[in-house]
Amino acid sequence: KDVARVEKLPLPEGLGEAAAEAILEERERGGLYKDVFDFVQRVRIPVVKKSGMESLALAGALDSFGIRREQYFTQNAKGEMFMETLVRHGVLFQESRQEAANSLFGGTEMVDVATPVPPTNYIEWSMLERLNKERDLVGIYLSAHPLDNWATIINDVCNVSCMQLAQGLEPFLNQQVQFGGIVMEVRRGTTKKGMPYGITVLEDYSGTYEIALFSQNWTTWGAYMEVGNALFITANVQPSRFGDRKELGIGSIQFLSDVNDSLIESITVTIPLTLLTDDLVLSMAELTSKSPGPVKLKFQIVDPEGRMNLKLQSRETRITLNADFLNLIKSHPEFSYAINE
């Protein structure tokens, strides 16, 4: 059913409009695809080529079929990827069906085509690797964002975004700024005087910002600047030593995974009394039990009609603020949360 995403999103690279239309038309004609085998048996393989199938898998459009993306690109003992085996299965199945339909004797029996078995010897991709493949194909992140596990730091602790910094440092002159993001690109070099430098592209939810570090600054902080690192940066905006420009005087760089625990002491979730159900309590309990950590969990139950405001704190339960917990809160627009209150 995730194939329906092609109706609203840019088509993945390698999948043309004719292929997308063929997938949607067959789904309308024969109903939702039951699994990936049903998918390759029904869609017209000459129209949806192997490259198109690979693009769908990499973009996450086949996730709901229960096979991990890595499995499609894992080789068997013969050096053949499962995706190749899968596409060949679809071709053989469709040819068998066509031959049965065109039989001179009016036969309807098809040759049994064995269903391939997904490989189990796959190597799991990192979240960043998986998400980068999505963005490379479609232009945006689809299933998640690399920063989701540190969303509270980016949204509630940082006092400036990458987009704001990219628009100019003048508004923050003589101020301390805190921002974070994922290192997306690093360009290293040496000046004419033989001093090292590096230019790092940092990305958060708002956009990107280039950080240029020279000489001793690069020597001090350059080790943090590796693609894929999630960083939290504290700096002072100051006049540059060269001309009228403004520059960042970096005070500290930390990994977001480290500061997530040290900067966030508690989270207070505000819930209207009318939405406090047994199912919600069970969902909260299940998530907190799966993600123990150092953050205190507090609740504020409000009832505007009865003018009631009840504050509760769990003395024993402490959690890790991850994407699953935050998504549960954000799935209810009536909920809100506050950090360190």
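The lining of the second largest pocket divides into 11 nonpolar, 3 polar and no charged residues, where Ala, Val, Leu, Ile, Met, Phe, Trp, Tyr, Cys and Pro count as nonpolar, Asp, Glu, Lys and Arg as charged, and the others, Gly among them, as polar. Of the 14 residues that line this second largest pocket, Leu276, Val281, Met284, Leu297 and Phe299 are the closest to its centre. Two or more lining residues come from each of α11 (278-290), β7 (292-303) and β8 (308-319), and α11 has the largest share, with 5 residues. Helices (H or I, at least four residues) and strands (E, at least two) are DSSP runs, numbered from the N terminus.

The structure is a predicted model, in which local features need pLDDT of at least 70 and side-chain atom pairs count only at pLDDT 80 or more, while totals for chains, interfaces and linings use all residues. Residues are numbered from 1 along each chain as its sequence is written, and side-chain values use heavy atoms, with hydrogens and water left out.

The two pockets are set out below. A pocket is an open set of points, on a 1 Å grid over the protein atoms alone, where a 1.4 Å probe fits, with protein on both sides within 12 Å along at least five of seven lines, and lining residues have an atom within 4 Å of a point. Grid points are joined across faces, edges and corners, and a volume is the space filled by probe spheres set on the points.

| Pocket | Volume | Lining by class |
|---|---|---|
| Largest pocket | about 600 Å³ | 10 nonpolar, 6 polar and 6 charged residues |
| Second largest pocket | about 210 Å³ | 11 nonpolar, 3 polar and no charged residues |

In the largest pocket, with about 600 Å³ of space, Ala212, Leu213, Phe214, Arg241 and Glu247 are the closest to the centre among 22 lining residues. At least two residues of this lining are supplied by each of β3 (208-214), α9 (215-221) and β5 (246-255), and β3 gives the most, with 6 residues.

Helix α3 (residues 50-59) is mostly covered, since 8 of its 10 residues are buried, a term that means under 20% relative accessible area, with exposed over 50% and partly exposed in between (1.4 Å probe, protein chains only). The buried residues of α3 pack against α1 (17-30), α2 (36-42), α4 (69-72), α5 (82-101) and α6 (127-138). With α6, α3 packs at an angle of about 130 degrees, their axes 8 Å apart, and the two helices are therefore oblique to each other. Ser55, Leu58 and Ala59 of α3 meet Lys133, Glu134, Leu137 and Val138 of α6 in this contact, where contact means heavy atoms within 4.5 Å. Axes are lines fitted to C-alpha atoms, for helices over the stretch in contact, and angles run from 0 to 180 degrees between N-to-C directions; angles under 35 degrees count as roughly parallel, over 145 as roughly antiparallel, 65 to 115 as roughly perpendicular and the rest as oblique.

Two asparagines have a positive phi. Asparagine 174, in the loop between α8 (162-166) and β1 (176-190), has phi near 65 degrees and counts as exposed at 64% relative accessibility. Asparagine 340, in the segment after β9 (336-339), has phi near 55 degrees and is partly exposed, with a relative accessible area of 37%.
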